[in-house]
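Thanks for coming, everyone. Let me put the structure up, and then we will walk through a few spots.

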Amino acid sequence: MTRHDLLVRNARIATMEADGEAYGAVPGDTVAVRDGRVAWMGPAERLPRELHEVEATLDAEGGWVTPGLIDCHTHIVFGGDRAREFEQRLGGASYEEIARAGGGILSTVRATRASSDDALAASAEARLRTLARRGVTTVEIKSGYGLETQTELRMLRVARALEERVGVRVQATLLGAHAIPPEFAGDRGGYVRLVCEEMIPAAAAAGVADAVDAFGEGIAFTPEECARVFEAARRRGLPVRLHADQLSDQGGAALAAAHGARSADHLEHASEEGVRAMAGAGTVAVLLPGAAHFLRDATVPPVASFRAHGVAIAVATDLNPGSSPLVDPLQAASLACLLFGLTPEEALVGMTRIGARALGLETEIGTLAVGKRADLAVWAVDHPAELAYWMGAELCREVVRSGRPARFSS
Ligand code: NIG
Ligand code: FE
């Protein structure tokens, strides 16, 4: 027996697989794990003999077991915070006004450049541990507060190192095209060249990025600039994603689809045409209701249109200092229901099965299925809808990663 073998008993099982019961619920109370992968699920009395000899057991005490949550869009690594800007916004300044005046993302860039690796790692670790305690077993972390090659790579390395430090699976995404740094003010072309010709090749050569993202927006990068970034990513074999149509319709959804992006994220202002293009390309819509809530933007992404065209919907925290200081995955699910009109099941599928797709990890994680990684969360709830219903409750009883319980409770 290895440490990666485990029996989860007295559970109710929500696999989050499609085409079955709500939440992918299956009969039975036992999940058996072998070598870090799900080996069997069903009623205890039918547990195959060869799976009986397992030392480690976890009593779910009648609670629900789901796949571990996947937070597929975050900016967890950064210096400082933006609480003062929060005050300014409440005093009437807009997010765009603050950004155009040199605050916003650029104020976090100043703080990040001035932070040591240890300081960046320590603050990010605290945030990631909070997500982990709340059921997250995989997180995507973007750079984008360095805006110079060395600091972008530093952020990606810090992000990757968190996997070992915290035990949560980490995907790192290069977001060099997040804002134009002050030293390139007046030379946008020069900065985009730096991203394409130096940053992306350096990140690819160092093997520190799993994907490349860009912020397509009036206050950030034009569609043409984003397209150049995507082409550079493709030349290095890196998949792409896009912050698309968050504050205005920039044609971002269609642009992401045209470049075969894994996901287009935010999408509050996405057009019908863009949604159709996403459906054709299989691009996932990642909804980030924490940002809409925190920016007090009442614009709702075209959810009915995603459903009608069969665009898969993921939900994530967007945890970042400026537009979504949200350190709670279930709050993201709750806000997705309350602000965007998702059902609790859609929101939770969006944080598991579809979140995995947005990261290209759907064959490994995202649902409970025999052969997949045994990343799971045990919840003290009577019905899975409670996960999106309570606001701020600590519902996660235990998290298991590759078959190993994290034992937060002890
Ligand atoms: O996902 N939209 C761009 N990036 C972040 C915000 C970053 C910031 O304000 O620091 C987002 O909302
Ligand atoms: Fe973001």
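Leaving aside its neighbours within four places in sequence, which residues is Cys226 in contact with? They are Ala214, Phe215, Gly216, Phe221, Leu242 and Leu255. Contact means heavy atoms within 4.5 Å.

A word on the basis. This is a predicted model, where local features need pLDDT of at least 70, side-chain atom pairs count only at pLDDT 80 or more, and totals for chains, interfaces and linings use all residues. Residues are numbered from 1 along each chain as its sequence is written, chains are lettered from A and ligands numbered from 1 in the order in which they are written, and side-chain values use heavy atoms, with hydrogens and water left out.

Back to Cys226. It sits in helix H7, residues 223-235. Helices (H or I, at least four residues) and strands (E, at least two) are DSSP runs, numbered from the N terminus. Cys226 counts as buried because its relative accessibility is 1%. Buried means under 20% relative accessible area, with a 1.4 Å probe and protein chains only.

Next, the sheet. Six strands make an open, mixed sheet, ordered E3-E2-E7-E16-E17-E18. Strand E3 (25-26) and strand E18 (404-405) are at the edges, each with a single partner strand, so one side of each has no neighbour in the sheet. Strands pair if DSSP finds at least two bridges between them. E7 (residues 64-67) and E16 (residues 376-379) run antiparallel, joined by four bridges. Thr66 stands opposite Ala377 in E16.

Last, Val77. Not counting residues up to four places away in sequence, Val77 touches Leu120, Ala124 and Ile141, among others.

How values were computed
Buried means under 20% relative accessible area, exposed over 50%, partly exposed in between (1.4 Å probe, protein chains only).
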